[in-house]
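This report describes a set of annotated positions and their surroundings. Please view the sequence and the structure together while reading.

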Amino acid sequence: MNVRCQDVLLAGYTTLRLGGPARTFIEASTEDALVEQVRAADEAGEPVLVLGGGSNLVVCDEGFPGTVVRVSTRGVTISNGLVTAQAGEEWDALVARTVAEGLSGIECLSGIPGRVGATPIQNVGAYGQDVSETIAGVRVYDRRERRVRAFTPAECAFTYRHSVFKGDDRYVVLSVSFQLEETGESRPVKYAELARRLGVEPGGAVPLQDARDAVLALRRGKGMVLDPDDPDTRSAGSFFTNPVLTEEELRLLSERAEGFPAFPEPGGRTKTSAAWLIDRAGFAKGHARGPVRLSTKHTLALTNPGPEGTARDLLALAREIREGVREAFGVTLVNEPVFVGLSLEETAGAEGLPG
Ligand SMILES: Cc1cc2nc3c(=O)[nH]c(=O)nc-3n(C[C@H](O)[C@H](O)[C@H](O)COP(=O)(O)OP(=O)(O)OC[C@H]3O[C@@H](n4cnc5c(N)ncnc54)[C@H](O)[C@@H]3O)c2cc1C
């Protein structure tokens, strides 16, 4: 089943409340309809944008000159800790259910907006857990080969906020399977701030519901749980990924800054904190540019708190911050949300052109 409309404003379907009209907007509520609509648009040579909860998207003011297919498929099965959810299931509702059923492995990913199908795309993670740790398989529709395929975790090529699916619109995620543990307890709590809040040493375990409650409380304090009454949550979450530096980049940063957070990564690389760099480059919480601003609770979230903001305004703020950090520290920040019809690069013609 699906619903088809013309000229739907995408601002109504993104958490930033930004984005112009979609030429055609289809809501697909069964897997067959989802595959069929994408296949038909491909055959007609029509550009396709697959939409979940719109919480990791920045869509340009001109909108999308093609077919937007919103994934609203439903269904969850659970057997021996193997949880399989259709792509359109709300992510946090799935986490809440697994916690209630004593299944361990995604409890620290409580409160993240969006739908299940998007979670493998950027290997969603928070508070010491990534979905890559529990994903057992991903079923996709391959638009190039025009067939349904199953990906093993290794084939998904998960890394920090990345996978084979990110930056490539070849695959439509249909369902995701997670292998969870029937322990009733959280996985060892890795994240120091969360461990402190729970009163355990890092590496300790707590009842699943305690872990979920603590994560939700920490996230609310940072404006990272959607709340219609909190303008700081009109965002796409973290706007920039934490930079992962080569040895040479680390050496250059060390010449310019002291005391920056540094976490070892595979391959001799070092991850540092984008929020730290932004803050030390002189952009405080709440820093505004016209109608858009940094969240007043979290330096890493760009927000569109009122009704006047445009995607163009947000892009200008993002560029200002990226340039400021590059000038201060020589590090080029990379956007975490997916841009539709926009680019951070200032190349002629890039801005505002859908593509
Ligand atoms: C307040 C807030 C807090 C956040 N906190 C976190 C966090 O802690 N950690 C984190 O990792 N992220 C976080 N995010 C980002 C976001 O919630 C996640 O990336 C989420 O998984 C996006 O899901 P979505 O359904 O909204 O995807 P959308 O925004 O609709 O889409 C994002 C991308 O995925 C593609 N896509 C969506 N569904 C499918 C599908 N079924 N098949 C193929 N492609 C698809 C879209 O085309 C687009 O490219 C946060 C966002 C907000 C607003």
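Which residues does UniProt list for "active site"? The unreviewed entry lists Arg161, Ser238 and Glu336; UniProt positions are given in the numbering used here, feature names are shortened, and annotations may be inferred rather than shown by experiment. These residues span 176 residues in sequence, yet no two of their C-alpha atoms are more than 11.1 Å apart, so they gather at one spot.

The model is predicted: local features need pLDDT of at least 70, side-chain atom pairs count only at pLDDT 80 or more, and totals for chains, interfaces and linings use all residues. Residues are numbered from 1 along each chain as its sequence is written, and side-chain values use heavy atoms, with hydrogens and water left out.

Contact means heavy atoms within 4.5 Å. Not counting residues up to four places away in sequence, Arg161 touches Glu336, Gln122 and Lys166, among others. With that same exclusion, the residues touched by Glu336 include Ser238, Gln122 and Lys166.

The side chain of Glu336 also makes a polar contact with the side chain of Gln122, at 3.1 Å. A polar contact is a pair of N or O atoms within 3.5 Å; within protein, one must be able to donate a hydrogen and the other to accept it, and residues adjacent in sequence count only if both atoms are side-chain atoms. The side chain of Arg161 reaches the backbone oxygen of Asn123 at 2.8 Å.
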